[in-house]
Amino acid sequence: MKITYYGTSASEAWPALFCSCQACLLAKKLGGKNIRSRSQALIDTSLLIDFPPDTGYHVQHLDLKLQQVRTLLITHSHHDHFFPYDIGMRMPGFAEGIGERRLLVYGNETTQAKFQEAVRLYRGIERFVEFRRLEPFETFFTEDGYEVTSLLADHNQLEKSLMYLVKRDAGQILYAHDTGIFPECTWKFLEGSRLDLVSLDCTALSRDWRQGHMGFGAVDEVRDRLREMGCIGEGTRLVLNHFAHFGDFTHEKICEMENPKGYEVAYDGCVFVC
């Protein structure tokens, strides 16, 4: 499988909208991999994870082909991961050439309510988009052959935020955003899994966060426990993603710190194959 990261920042983007901190000033000066939009990733060509307000930017500048997407997985309802108003553009009058096949959107109860509120603005959208509600630890198969399991994240206590385990043939990806160190029920479910790529939340960078989001220390704890459980090995790719504008960090500095520990660092537009 292949995973493409289109957005790799936390909710405020990086550089952040109204910010003049050192990290944002450095990003503006250096450009390139230091410019991070809000979180979105694509597995192969048809399985999209999250739908932020920057989706249009990803289509226009990073060549995201939404016409090929058949399944959309939403991690939780926060706006940087789910901006449902733009999904209404997937219908005649706004888009041509989409055909009659519906886009299937999966998410939790809070996400469903947000979706229903948004799509009421678009009469007839149900012909082109369908929402399917998930609870943690549900497994389903997509129309094009992916086995997807929703896992409980430790993020927003007002809703059941989800991580996703995606399997196809012999390959398996764990997409773990936004979350702190995993809940015990999720650790229990992962027993016996063999993971080819693990994408880990590293929002906090050097800050010592273990709930809601993670930083370098918490990520190491998750990696070590996955290794002890036999879920990861030498061939597993470990990717850090979803960064906030803290301190004086740049993409290069994160790589200098984390590459020697076996991590790869995501940036907008990067691709990993496992």
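This is a predicted model: local features need pLDDT of at least 70, side-chain atom pairs count only at pLDDT 80 or more; totals for chains, interfaces and linings use all residues.
Visitor: How many aromatic pairs does the structure hold?
Guide: There are nine aromatic pairs. Rings of Phe, Tyr and Trp (its six-membered ring) pair if their centres lie within 6.5 Å; planes under 30 degrees apart count as stacked, over 60 as edge-to-face and the rest as tilted.

Visitor: Why is the pair of Y106 and F140 stacked?
Guide: The planes of Y106 and F140 stand at 10°, with the ring centres 3.9 Å apart, so the pair counts as stacked. Y106 belongs to strand β5 (residues 103–107) and F140 to strand β7 (residues 139–141), so this pair links distant parts of the chain, 34 residues apart. Strands (E, at least two residues) and helices (H or I, at least four) are DSSP runs, numbered from the N terminus.

Visitor: Is Y106 buried or exposed?
Guide: Y106 is buried, at 5% relative accessibility. F140 is also buried, at 11%. Buried means under 20% relative accessible area, exposed over 50%, and partly exposed in between (1.4 Å probe, protein chains only).

Visitor: What about W209 and F246?
Guide: W209 and F246 form an edge-to-face pair, 5.7 Å centre to centre with 70° between the planes. W209 lies in the loop between β11 (197–201) and α5 (216–228), and F246 in the loop between β12 (237–241) and α6 (251–258), so the pair ties together parts 37 residues apart in sequence. W209 is partly exposed at 31% relative accessibility, whereas F246 is buried at 15%.

Visitor: Which ring does the charged end of K33 sit over?
Guide: The charged end of K33 sits over the ring of Y267, 4.4 Å from its centre. The criterion is NZ of Lys or CZ of Arg within 6 Å of the ring centre and within 35 degrees of the ring normal. K253 lies over the face of F249, at 4.7 Å from the ring centre.

Visitor: Changing topic, where does S77 lie?
Guide: S77 lies in the loop between β4 (71–73) and β5, and is buried with a relative accessible area of 11%.

Visitor: Which side chain makes a polar contact with that of S77?
Guide: The side chain of E159 does, at 2.6 Å. A polar contact is a pair of N or O atoms within 3.5 Å; within protein, one must be able to donate a hydrogen and the other to accept it, and residues adjacent in sequence count only if both atoms are side-chain atoms.

Notes:
Residues are numbered from 1 along each chain as its sequence is written. Side-chain values use heavy atoms; hydrogens and water are left out.
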